[in-house]
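Dear colleague,

I am passing this structure on to you, together with a short account of what was found in it. Please look it over before reading the notes that follow.

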Amino acid sequence: APIKVTKICCIGAGYVGGPTCAVIALKCPHITVTIVDLNQARVDAWNSPDFALPIYEPGLVDVVKQARGRNLFFSTDVDKGIREADLIFVSVNTPTKKSGVGAGFAADLNYVESATRRIAAVATSSKIVVEKSTVPCRTAESMRTILEANSKAGTHFDILSNPEFLAEGTAIVDLFSPDRVLIGSLQTPEGKSASQSLSDVYNNWVPKERILSVGLWSSELSKLAANAMLAQRISSINALSAICEATGANIDEVAHAIGFDSRIGPKFLRASVGFGGSCFQKDILNLVYLSESLHLPQVAAYWRQVVEMNEYQKSRFSKTVVDTLFNTITGKHIAVLGFAFKADTGDTRESASISLIRDFLSERAYVTIYDPQVEEAQIWLDLSEACPTLTLEAIKKQVNIVHSAVEACKQKEAVVIATEWKEFREIDWQTVYDDMSKPAFVFDGRLLVDAEKLRSIGFKVTTIGRGERL
Ligand code: UDX
Ligand code: UDX
Ligand code: ADP
């Protein structure tokens, strides 16, 4: 019979492992959940008495408040976490490789491998090991090989793939009622039994019909496929936004019209300055790398184009800003509203805002940034990485970080909206207008503001995917 899970360990207290396992603890009071991480500062933040958690996610503090100290624990004692658990989630980071074979495309599996080796080294009893991080196909197989080659007598490991589909900013809602939970296992009796054990954990709050059991490799590929197809929708709508701008059609109307087709559906069709986040680009490049390794160059080229369209969208938007500001922004002052890759998160990984600001800096403009959640130190780090030819000192001469949208816009020649934070919709635009240099330009990269209203105040407004000018 499938073992009944009573102790869970999650290796990696990041954007995925933290919220996911906090929700498991909340929904399963009979299971002890310990989230371990090597990063002491991160663990301290999860444990902070005033709930100053290391990641911003609506609803997360409430979940942690209810479960922490009851059956949810955060610790740096990775070995103890592993030893005591009967089920272990591996939820460490898997960034794109920066050097070596597959650099720029393949996933860096260093963290997954070292976590796996640690499990083999310290486990003294059998475990179900669950791959939670997004990884290339067949990683589970490598994990199995490592575990089997290093396990002690009497310990047995079952490997499952259980990719996480939560989106940042809505993680808690997504975890409370997921569209589906996907569990991949070997189709052996042991594999199926382990899959059942994990399924029983989720079934504490997720209805059975939403828990899908599939083969190990289908599960791994489905995660990459879901993200690739979501990103492809955005690149498709963004490609159409370029046609709209050139013809006078309106991308909102087009998206609305096509979304009514039940085969297409209305969600995830918002044209934007480009998608960001830790997953889309990374997963597509993984898929490209996989396709190439499998000698499928046409398939690789197809998916690569989704990322290229996204790069094009970002640079097209920067160019629109420069063109509109009379073909030069040298020495001009631009406010950038939003630095996170989407609203309701403090995460900046692959944020379109970073690309825009890099372009503005290379044109030697002055940039003032406001974001409601992103830490100042993170902005400096991201800009330093994005502008390797500039010293941080040089960047700081051109960039200013402030604490409100209205302050950011003061005396600027242009305002660029890069993230769809709700508060940007509610800005007092009349006050902003009165304090700006004239003509006052607004560039809406998120279809966020009421362009007509702003025009009636006096702004010159440019919106993604709308042909009508200023
Ligand atoms: C994504 C997937 O949605 C999630 O299922 C997976 O587990 C992880 O990757 P995430 O990256 O957190 O989640 O956010 P998502 O809401 O998918 O947005 C990704 C990017 O696309 C953001 O930059 C967002 O602004 C952009 N986007 C999204 C658009 O430009 N238009 C849209 O219509 C939707
Ligand atoms: C299509 C559009 O669906 C319709 O809205 C438009 O008005 C005309 O073009 P049609 O070409 O008649 O309609 O058939 P459709 O059902 O869309 O199929 C088109 C092709 O795609 C067929 O060869 C079909 O076999 C193929 N197809 C469709 C797939 O291969 N897989 C699918 O999942 C769906
Ligand atoms: P994700 O978005 O996938 O959750 P993050 O970078 O937010 O990625 O989180 C991954 C976490 O995993 C980091 O906090 C990192 O310190 C932790 N981590 C990486 N390798 C190990 C390891 N071998 N043992 C414990 N924690 C690890």
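For the packing described below, two residues are taken to be in contact if their C-beta atoms, placed from the backbone, lie within 7 Å, and angles run from 0 to 180 degrees between N-to-C directions. Please keep in mind that this is a predicted model.

On that basis, helix α5 lies across β1 (7-11), β4 (87-90) and β5 (127-131), and runs at about 160° to β4. Helix α8, which spans residues 189-202, also packs on the sheet, where it touches β4, β5, β6 (157-161), β7 and β8, its direction making about 160° with that of β7.

The sheet itself is open and is formed by 8 strands with mixed pairing, in the order β3-β2-β1-β4-β5-β6-β7-β8. Its edge strands are β3 (72-75) and β8 (211-215), each of which pairs on one side only, and from one strand to the next the twist averages 25°. Strand β7 (residues 181-185) runs parallel to β8 and is joined to it by 5 bridges; within this pair, Ile 183 has Ser 213 of β8 as its bridge partner.

Turning to ligand 3, the molecule is surrounded by 21 residues, of which Gly 12, Gly 14, Tyr 15, Val 16 and Asn 93 are the closest. By class, this shell around ligand 3 consists of 10 nonpolar, 9 polar and 2 charged residues.

Definitions and conventions:
Residues are numbered from 1 along each chain as its sequence is written. Chains are lettered from A and ligands numbered from 1 in the order in which they are written. This is a predicted model: local features need pLDDT of at least 70, side-chain atom pairs count only at pLDDT 80 or more; totals for chains, interfaces and linings use all residues. A residue is near a molecule or strand if its C-beta atom, placed from the backbone, lies within 6 Å of it. Ala, Val, Leu, Ile, Met, Phe, Trp, Tyr, Cys and Pro count as nonpolar, Asp, Glu, Lys and Arg as charged, and the others, Gly among them, as polar. Two strands pair if DSSP finds at least two bridges between them. Helices (H or I, at least four residues) and strands (E, at least two) are DSSP runs, numbered from the N terminus.
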